[in-house]
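Q: Can you walk me through this one? I'd like to start with the core.

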Amino acid sequence: MSVAHAAPAVPENLTWQGGSEPLKASYGKLMMWFFLLSDTFTFSALLITYGMIRFSQPAWQGTPDDFYFSTAHWPIPEKVFEAVPFLHGISLPLVFVGIMTFILIASSVTMVLAVEAGHRGDRKDVEKWMLWTIVGGFTFLGSQAWEWTHFIHGPEDLTLAAKQVIDGVITPIEGANLVRNPYGPPAFADLFFFITGFHGTHVFSGVILNILIFFNAATGVYERRGHYEMVEKVGLYWHFVDLVWVFVFTFFYLV
Amino acid sequence: MSTAISHAEEVHTHAHDHEHEHHEPNFIQKYIFSEDHKTIAKQYLIMGILWAFIGGSLSIMFRLQLGFPEMQLEWLRPILGSWIDESGKIDKEFYLALVTMHGTIMVFFVLTAGLSGTFSNFLIPLQIGARDMASGFINMLSFWFFFLSSAIMFSSLFIETGPASGGWVIYPPLSALPQAMPGSGLGMTLWLTSMAFFIVSSLMGGINYICTIINLRTRGMTFTKMPLTIWSFFFTAILGLLSFPVLLSAALLLIFDRSFGTSFYLSEIYIQGQALPNVGGSAILYQHLFWFLGHPEVYIVLLPALGMTSEIIATNARKPIFGYRAMIGSLMGITVLAFIVWAHHMFVTGMNPFLGSVFMFLTLIIAVPSAVKAFNYITTLWKGNLIFTPAMLFSIGLVSLFISGGVTGIILGNSALDINLHDTYFVVAHFHLVMGSASFFGLMAGVYHWFPKMFGRMMNKTLGYIHFWATFVGVYAVFFPMHYTGIAGFPRRYYSFTALGNDGQNAFTDLNQFITVAAILTFSSQAIFFFNFVYSIFKGKKATENPWNSNTLEWTTPVDPGHGNWPGEIPAVYRWPYDYSKPGAESDFIPQHIPFSATPESNLPEENEEIAKEKAIESLLAAQNESYNR
């Protein structure tokens, strides 16, 4: 029921005269909006960092078919991210990350439904849709864990990995971490782990928040309070995390 | 759904009950984990003063080295221990730590937290007519995150390898490689950890300030009736909200470079004859990210001081502020420009000269809003009925410092000149006057002016005058000569000067000694303030509700405003805050809560029309009270 927390009726011409909430939003919701604005700058700084380092490195000059992994040029994302669980050995460029993205966006949809149920004061529906959102969040995190594991493991065929020179001997790079990268320059792995990790941390805290909200809704806290605004606030955060993923996805997988 | 409604109503009546019961908070709720904005403001103020003395004493130590390089400092050994080397002088590495920590402490802990933290917290609810901050809990957390950050930074002063030493800007690779200098070891790690908490604290403070100003203004308090202090705190909070996160990103990337082997900022480095494996990063990238915070930061430091000065000057000149809307516009202009001039700190990084000229152009535009502000201060003072309270003197001092430090900003903003003057004492002189001292004067003015409302007592005026003149003369004596040493080529952050052209260092020995002596005297005179501050809290003359005959709402509260600020209804606001010496009026000030219908003798024609709106403003009372019960 939003009746209890709706701003008292203030004539339109007096909204900015003080004594009321001019943007028709409670302070809590405003705070979430401003926090997200701030967080936007955190992610922007990281993506600008990505851009600056990415474009200071040489790109692959030949055709995509001739592409090979080397520390001398930035990898083509389609060549790096082409594996899908249970479909071993089949090249499916960007399919898995597409599924991940779809899951995350679907969880945004279920979040919208939870918020909508909150407006109706329908506790059962809030619980149901929050649960689906939580499931979506965990699925995304699990998929990311798989994606990371695959990336860390490196190319299946070691001869395909980028080479390095150790004591004058040319050897393939085995596995990726923050210092080395079998797919290309180490900076690619650094940025990949840092930025998707930073986003993953956001998703993780979002899931924790969602669980808290689910718990409160299920124990009737919001029903007693008379409104489900907390669902809306956490919903804002959840949509933001999804939106950021769209940018991260674009930068790492599409550009 | 009907049950939900009845539930809601139940909750509602409960909320009312709570309103009327009085829970006397216990000691911990009242003074330590307090959610009252006034207490939190005082906590920030006391922390800021303590930090200022620590930061100031560090500067005295390195000034001793600069003014008297041959001096025996054996007597400092009880405090500094092995940081005094065998020959009885300050250790060279520790000297770098001193300048770094002086900068860090003064910029972040004194002039950001100590200034914004104190006065945004104290004045926003009182001046806009709110019972407290939007979220007292987040406000309390903000202070305690700041406290945690302070504790970490303070502890870094005592570790064996010394605190961070790469300058307050902590440029990599110097700050990224522990083997580069002792201060880049544990000291740097603690610095970064501390700053991460500091950013969290400032974020929580900032969203609270913004949301409080938007949502909790009392009825009648439109944005264009807000005192300029509130406008300045509003823009300061926006600056912090949008620039600190970028420092957070920069710091996180640096932490990864330092501790986890990444190469975001590192590439092709030889250290002690050894090639490091890092390739692909860019040290310049860090500078861009840092100065995207670093430049707005100087306005985060300065704007609150400018806002409070507007208020204090208008009150004590007994005149309306000149150009109220121009003042808001120039604050807004400075806020926008603050984000697009950062690279003027980087003219010598090998930046494309054309790009440099773009940043130079944008930088010089800042002179316009700044000049508008200086002009408006002077025209407000012009032919005013000046009352020289200590706060007024410090405000006028701010205007003086803002101008004399500002004009050198035009010189340094020119890339061609800056390439010559970069990292010399000319720069040190510039920013210490325009940002350091000016903001410090704003802080002092604020303390003297709002002390009666904070502690219910008056500060001693005579001691205030002595403090002002000692500080004002002292600050100029310290920083003005630095223009000369800077032009002569003395580089900043150097331990000693041995090889200037034509033995130039010898020609300036006496000037450097003069600066050091002046610095010691200026710093010592702050003890007068400290004594006055502490003494007046307990033994000062009892204050009245409105000792300065001021117009703003905080002076309508009782001498010691309790939790909730106003014992009865929050007053409504009908007029702007600068009705001083209004022709026709009986007294020389008409507070904001006096309706125009009560002052027919002094109303201007357009103000008589406002009378019709008073009923509508008063009718908002129900909505306003409602907002506190939800």
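**Core and contacts**

A: The largest nonpolar core has 236 residues, and those with the most contacts inside it are B:I210, B:A250 and B:A438. A nonpolar core is a set of buried Ala, Val, Leu, Ile, Met, Phe, Trp, Tyr and Cys residues joined through C-beta atoms within 7 Å; buried requires 20 or more other C-beta atoms within 10 Å of the residue's own, with C-beta atoms placed from the backbone. This is a predicted model: local features need pLDDT of at least 70 and side-chain atom pairs pLDDT 80 or more, while totals for chains, interfaces and linings use all residues. Residues are numbered from 1 along each chain as its sequence is written, and chains are lettered from A and ligands numbered from 1 in the order written.

Q: Which helix gives the largest share of this core?

A: Helix α5 (residues 92-128) of chain B, with 22 residues. Helices are DSSP runs of H or I, at least four residues, numbered from the N terminus.

Q: And why does the core lie between domain 1 and domain 2 of chain B?

A: Because domain 1 (34-539) and domain 2 (547-629) both give residues to this core. The domain bounds come from an automatic or database assignment.

Q: Different topic. How do α8(B) and α10(B) pack?

A: Helix α8 (residues 228-259) and helix α10 (residues 324-338) of chain B pack at about 10°, with axes 10 Å apart. They are therefore roughly parallel, a label for angles under 35 degrees. Axes are lines fitted to C-alpha atoms over the stretch in contact, and angles run from 0 to 180 degrees between N-to-C directions.

Key: Helices (H or I, at least four residues) and strands (E, at least two) are DSSP runs, numbered from the N terminus. Angles under 35 degrees count as roughly parallel, over 145 as roughly antiparallel, 65 to 115 as roughly perpendicular and the rest as oblique. A residue is buried if 20 or more other C-beta atoms lie within 10 Å of its own, exposed if 12 or fewer, and partly exposed in between; C-beta atoms are placed from the backbone.
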